[in-house]
Amino acid sequence: MIQRTAARIEAQDPDNPMPTWQSLLARSVTSPGVLLRRLGLDSAQREHDARVGHDAFEVRVPEPWLARIRPGDPDDPLLRQVLPLAEEGKDYPGFVRDPLQETDATPTPGLIRKYRSRALLMVTGQCAINCRYCFRRHFPYPDHRLSPQQREQVITTLTESPEINEVILSGGDPLAVNDRLLSAWARALATVPSLTRLRIHSRLPIVIPQRVDDSLLAWIRESPLQVVMVVHVNHPREIDNDVRKAMKALRDAGVTLLNQSVVLKGVNDDPDTLADLSEQLFSSGVLPYYLHAFDPVAGAHHFDVSDQRARQLVRALQARLPGYLVPRLVREIPDRPGKTLLDIGMEQ
Ligand SMILES: *Cc1c(COP(=O)(O)O)cnc(C)c1O
Ligand code: SF4
């Protein structure tokens, strides 16, 4: 064992000892069998069960995430988010492929306008990790990068829409795109007079914290727009030292950091875990923003937490945390002008 580790260290390029985020992204585990073996959990039954889900929505787990999973624990909350279970193959009434009725009827390609002051810009369909509960699991979005002409069209639309003051880079995961392209977007968006903020919705700095490198920080620092990043953490053990360092680097570059989570059975559906998550986020410089009520997406029934239970959890958080560490419990309801806040009521 020791010899093997030593050999691996020697094999690294001495001039370039840190793996780049691109190489980490490319080397992700994409086979359920490999994932189970790496964690000492291989059995014919588990692999068979995982294959069923994998065939519909492929397994994708980058190494830095894999390193945070406890080996030998089939119930590990980080593993649960990425390992397909037999339940994915079963049908349940009310669990549909498109709970949010996201239609793609957008006049300007890539630009989604649902809310008055904010527009969503889809820069890629790719993600760094495949989360089993994701409502996008049934839309393996093509990697539709916009052409320079389409980018011009987006900028024209935004310039003609002075009510929009914030653009949200979304996906997929917008940080799966290289910094050359992202900085071109940032420069183009900075020419739109009405824009004051650039928001980035990304899980990459959590999944592969090496994504927060000098070239990302450089264009963020240079942007005249205020940059807000909404990361996605569901469980406190997702935050390790590398994630803390990445959050600190982003804050030092002037980024306001917020987090969104999804309430998930077997991952974070208890008050202790959620309270610990809020504390860990805050100590990393991130404020809890949204806790998304569960959406009944086909294949994710085993994550289902009822709205009643979700309300109870947030009430419990409110009783033990300062208000700024209590996330807003919300749901996206088609055709509403913003996210819908779920009323958590009073403690009886
Ligand atoms: C959630 C969401 C936003 C951002 O909403 P905020 O409440 O401002 O965080 C924007 N566009 C779409 C389509 C969304 O789903
Ligand atoms: S990173 Fe976000 S969009 Fe991508 S699979 Fe996970 S939850 Fe879905």
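## Ligand shell and a buried leucine

A polar side-chain atom of arginine 118 lies 2.9 Å from an oxygen atom of ligand 1. The model is predicted, with local features requiring pLDDT of at least 70 and side-chain atom pairs pLDDT 80 or more, while totals for chains, interfaces and linings use all residues. Residues are numbered from 1 along each chain as its sequence is written, chains are lettered from A and ligands numbered from 1 in the order written, and side-chain values use heavy atoms, without hydrogens and water.

| Side chain | Distance to an oxygen atom of ligand 1 |
|---|---|
| Arginine 118 | 2.9 Å |
| Tyrosine 289 | 2.7 Å |
| Lysine 339 | 2.9 Å |

Taken alone, ligand 1 exposes 380 Å², of which the protein buries 88%; these areas follow the Shrake-Rupley method with a 1.4 Å probe. The residues surrounding ligand 1 include Lys114, Tyr115, Arg199 and Glu332, where a residue is near if one of its heavy atoms lies within 4 Å. This shell divides into 5 nonpolar, no polar and 5 charged residues, with Tyr counted as nonpolar and Lys, Arg and Glu as charged.

Leucine 195 is found in the loop between helix H8 (179-189) and strand S4 (197-201); helices (H or I, at least four residues) and strands (E, at least two) are DSSP runs. Leucine 195 counts as buried because its relative accessibility is 7%, the limit being under 20% with a 1.4 Å probe and protein chains only. Beyond four places in sequence, leucine 195 touches residues including Leu158, Ile164 and Leu225, contact meaning heavy atoms within 4.5 Å.

Key
Polar contact = N/O pair within 3.5 Å; in protein donor to acceptor, adjacent residues only side chain to side chain. Buried < 20%, exposed > 50% of the residue type's maximum accessible area, 1.4 Å probe, protein only.
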